Amino acid sequence: YISDETIASDQYSNLPPILAFPFGDVTDKCAAEVAFRAVDLAPIVMLDDFAGTGMPAMAMRGLGVPTRHVFFETDPVARKFLQNNFAAEELRGSVVGRRLASLPSCDIVTAGFPCQPFSVLGHGHGISEEGGRGAVVLETIKAIRHFHPLVFLLENVAAFAGAAHAETRRMVLDLLDSDGKYELHEKIVCSSASGVPQTRRRWYLLGVLRSRLQGLFHWPAPVEGLPLCAVLGPRSVNDDALRLPPTTQRNARANVQRWLAAVRRQGVDLSREELVLDCDASRKWCGNAASVCPCLTRSRDQGLWLLSRGARMSSEVCCRLQGIPFKSLKGLKNDRDVRRLMGNAMTLSVVEPVLRAALIATGCCAPSVEDRWKSGRAQAALVSEAWGLSLPDDLMAVLPARVLQQLFLPSP
């Protein structure tokens, strides 16, 4: 495994000039898009297994890199989402039994393979889970060994890297590194360290084709997360911190009552704090009411509970917690479907900087291509949507998260 190191500019001296140097005064278009068009390169082809919301495809869109996508997804709601948001792309069904020879040669392969077999909250049967759901990652590995893409990115719950699944993880690493073609980089990344206020710890494995390396890959540096209030938006006159879930939701109601009593004992002023609770969990797994959102999951399709507002978290907020402005997406009408999709998705603020770093390391895009999460432009878009404001692109550079928290919380 390769340790993180700073990329020196002279490591890119062998890149084509238009890829190696800044692009001058580019105001309306991403520098990557200008670079690719200038050298007339064919679009990168990305194979996205278990595509869900197509978050890696959104990452490439955010980078401005022309990309042709081949999605594999079986869930009807996710397929509809992909059709609405990537209309011109190729959408196929199950990865099981597919003929790889029928697919276009791929430059990037990504897969957030099913997490339930490896999750602490799932069955934990791992690769041997009945029905084969734990073993479908092997289909993605077959594709990687068949196409030898420039870059591949795998994602799963952090527990995949734990002792319970150590044998499966080692098998995956060995299969991907059996011929020594790839430089492998493995890391547990929490979404809260990438710019969004969500505690979502995920295992990522990035592979870079050694023969195409033109510089060092290093994991993007942590980015301070937005405060929760910044993505929630303004409070409503209908908000009521004393409101409880309906009596028909007995478990949720009991959890909220218990935590309202706890925060009162602690002297927490809910008019000045935003706290969110996984109210539908059992008492054992409910966790603490927190100022950073717990991990969104598919099973919490009713929405987490905002203690300070006495209401379920909206599907719009769930999208922003995954790094996506809700209004940028098409065809989202059913709130529970949106929450399920976001609960299964990768986080855009993690995936986009990682793919950017990998593409730079392989010479596929320039070091001058903007990291929107480091510059704060992506966060500014989320806050602008939540609050209905026009904010500067360099918002996060000018106002750190602690200042934003004071700015967006109600006055005492």
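Visitor: What volume does the second largest pocket have?
Guide: Keep in mind that this is a predicted model. For the second largest pocket, the volume comes to about 670 Å³.

Visitor: Which residues are the closest to the centre of that second largest pocket?
Guide: The lining is made up of 37 residues. By class, that lining splits into 16 nonpolar, twelve polar and nine charged residues. Closest to the centre are Phe50, Glu73, Gly112, Pro114 and Asn344.

Visitor: And which elements give two or more residues to the lining of the second largest pocket?
Guide: Both strands and helices turn up here. The strands are β1 (44–49), β4 (108–112) and β5 (151–157). The helices are α3 (55–63) and α10 (335–344).

Visitor: Let's stay with α3. At what angle do α3 and α11 pack?
Guide: Helix α11 covers residues 348–361, and its axis lies 9 Å from that of α3. The crossing of α3 past α11 is right-handed. As for the angle, it's about 65 degrees.

Visitor: Which residues of α11 make the contact with α3?
Guide: On the α3 side you'll find Met55, Pro56, Met58, Ala59, Met60, Gly62 and Leu63. By class, the residues of this contact come out as ten nonpolar, one polar and two charged. The α11 side consists of Leu348, Val351, Glu352, Leu355, Arg356 and Leu359.

Visitor: Now α5 and α6: are they roughly parallel or roughly antiparallel?
Guide: Helix α5 (residues 137–147) and helix α6 (residues 166–176) have axes 10 Å apart and an angle of about 15 degrees. Angles under 35 degrees count as roughly parallel. So α5 and α6 are roughly parallel.

Visitor: How many charged residues does the contact of α5 with α6 have?
Guide: From α5 come Leu138, Ile141, Ile144 and Arg145, which meet Met171, Val172, Leu175 and Leu176 in α6. Sorted by class, this contact has seven nonpolar residues and no polar ones. Arg counts as charged, and the number of charged residues is one.

Visitor: What volume does the second largest cavity have?
Guide: The count comes to two cavities of 30 Å³ or more. The volume is about 40 Å³.

Conventions. Residues are numbered from 1 along each chain as its sequence is written. This is a predicted model: local features need pLDDT of at least 70, side-chain atom pairs count only at pLDDT 80 or more; totals for chains, interfaces and linings use all residues. Side-chain values use heavy atoms; hydrogens and water are left out. Axes are lines fitted to C-alpha atoms, for helices over the stretch in contact, and angles run from 0 to 180 degrees between N-to-C directions. Helices (H or I, at least four residues) and strands (E, at least two) are DSSP runs, numbered from the N terminus. Angles under 35 degrees count as roughly parallel, over 145 as roughly antiparallel, 65 to 115 as roughly perpendicular and the rest as oblique. Contact means heavy atoms within 4.5 Å. On a 1 Å grid over the protein atoms alone, a cavity is a set of points where a 1.4 Å probe fits but cannot get out, and a pocket is an open set with protein on both sides within 12 Å along at least five of seven lines; lining residues have an atom within 4 Å of a point. Grid points are joined across faces, edges and corners, and a volume is the space filled by probe spheres set on the points. A crossing is left-handed if the near helix is turned anticlockwise from the far one by less than a right angle, and right-handed if clockwise.
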